Amino acid sequence: MLSLLFKLGKKKQTLEDTVLLIQKGDKDLQNQLIEQYKPFVAKTVSSVCKRYINENDDEFSIGLIAFNDAIEKYSTDKGSSLFAFAELVIKRKVIDYIRKEARKPYTLNLDLQEHEEGDFSQSKIESDLSIEEYTKLIEQEQRKEEIAYFQHRLKDFKLTFAEIVEQSPKHFDARQNAILVATKLIEDDELREFLFHKKQLPVKQLEAKVAVSRKTIERNRKYIIAMAIILSGEFLYLKEYIKGVLHS
């Protein structure tokens, strides 16, 4: 533990650097970090389950695995805060687990009802509706968490969700072009690093790589940054929005 504290120094300033050391193969440091932040994992899982979670609960184990995944997948592209990224990953994994577990007893009961009665009973219909409603609630929770994390990422660039909505290109083809610019930006290692390290859009460099004028890039700067954040991050639902725009 002392070695961990020594390496961490001031936690808020060096935690991300510690993660980079772990990603280079320091397994002892990885285990120590996971052990130290078990309370964070338990608190995050409890917020999803709406009840107290201890280390004996299956949900806690899922959360711990997700925290480890977050450590291994984290990069500066994911934002300045490991905790914000880890929180999103943990909540998503736990929500997925809850959804899968919720279906198991219903499936067994429904099979028994159909076998005994020979057709779909009223109880089965009610159960199906309950599962559908529960799934919708879970998906709403996932979208809520994803948007909250997106808003957190926008703050790194001194942007707000309201600004992005307000300054979104009005014309459909303009939105498509802006997304294609963001895609080109993310696919280029040098441009992506410039964006996430300097927190600025590399307008001049982008102009040389895309068939869009500098004036257009600057006019849609905030929207392009927002789309680049989504394309580079853990945003399942927001990426579906982007796919919808590109393939419409």
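**Figure 1. Helices α6 and α7 at the largest cavity.** Helix α6 (82–117) and helix α7 (122–156) each supply at least two residues of the lining of the largest cavity. The model shown here and in the other views is a predicted one. The structure holds 1 cavity of 30 Å³ or more, and the space in the largest cavity comes to about 40 Å³. Its lining is made up of Leu88, Lys91, Arg92, Ile95, Gln142, Glu145, Glu146 and Tyr237. Helix α6 gives the most to this lining, with 4 residues. By residue type, the lining of the largest cavity divides into 3 nonpolar, 1 polar and 4 charged residues.

**Figure 2. The largest pocket and its lining.** About 150 Å³ of space lies in the largest pocket. The residues that line the largest pocket are Phe150, Phe161, Ile164, Val165, Ser168, Tyr223, Met227, Ile230, Leu238 and Tyr241. Two or more of the lining residues come from each of the elements α8 (161–166), α13 (221–232) and α14 (236–246). In the lining of the largest pocket, 9 residues are nonpolar and 1 is polar, and no charged residue is present.

**Figure 3. The buried side of helix α14.** In helix α14, the buried residues are Leu238, Ile242 and Val245. These residues lie on the same side of α14, because they cover an arc of only 60 degrees around the axis. Leu238 is also one of the residues that line the largest pocket.

Figure 4. Helix α3 spans residues 27–36, and its residues Leu29, Gln30, Leu33, Ile34 and Gln36 are buried. The arc that they cover around the axis is only 165 degrees, so they are on the same side of α3. Which residues are exposed on the other side of α3? They are Lys27, Asp28 and Asn31.

Figure 5. Isoleucine 217 belongs to helix α12, which covers residues 214–219. Is isoleucine 217 buried or exposed? With a relative accessible area of 0%, isoleucine 217 is buried, because a residue counts as buried when this value is under 20%. When neighbours within four places in sequence are left aside, isoleucine 217 is in contact with Leu201, Val203, Leu206, Glu207, Val210, Val212 and Ile224. Alanine 182 lies 35 residues from isoleucine 217 in sequence, and their C-alpha atoms are 10.0 Å apart in space.

Figure 6. An unreviewed UniProt entry lists residues 203–222 as "DNA-binding region". How much of the chain over residues 203–222 is helix, and how much is strand? The chain there is 65% helix and 0% strand.

**Figure 7. The protein chain as the setting of the close-up views.** The secondary structure of the protein chain comes to 14 helices and 0 strands. Read from the N terminus on, the elements of the chain run α-α-α-α-α-α-α-α-α-α-α-α-α-α. The protein chain has 248 residues, of which 44% count as buried. Among the contacts in the chain between residues at least 6 apart in sequence, 64% join residues at least 24 apart.

Notes:
Residues numbered from 1 in each chain as written. Predicted model: local features only at pLDDT ≥ 70, side-chain atom pairs only at ≥ 80, totals over all residues. Heavy atoms only, no water. 1 Å grid on protein atoms, 1.4 Å probe; cavity = no way out; pocket = protein on both sides within 12 Å on 5 of 7 lines; lining within 4 Å. Points joined across faces, edges and corners; volume = space filled by probe spheres on them. Nonpolar A, V, L, I, M, F, W, Y, C, P; charged D, E, K, R; others polar. UniProt positions renumbered as here; feature names shortened; annotations may be inferred. Buried < 20%, exposed > 50% of the residue type's maximum accessible area, 1.4 Å probe, protein only. Arc of directions from axis to C-beta. Contact = heavy atoms within 4.5 Å.
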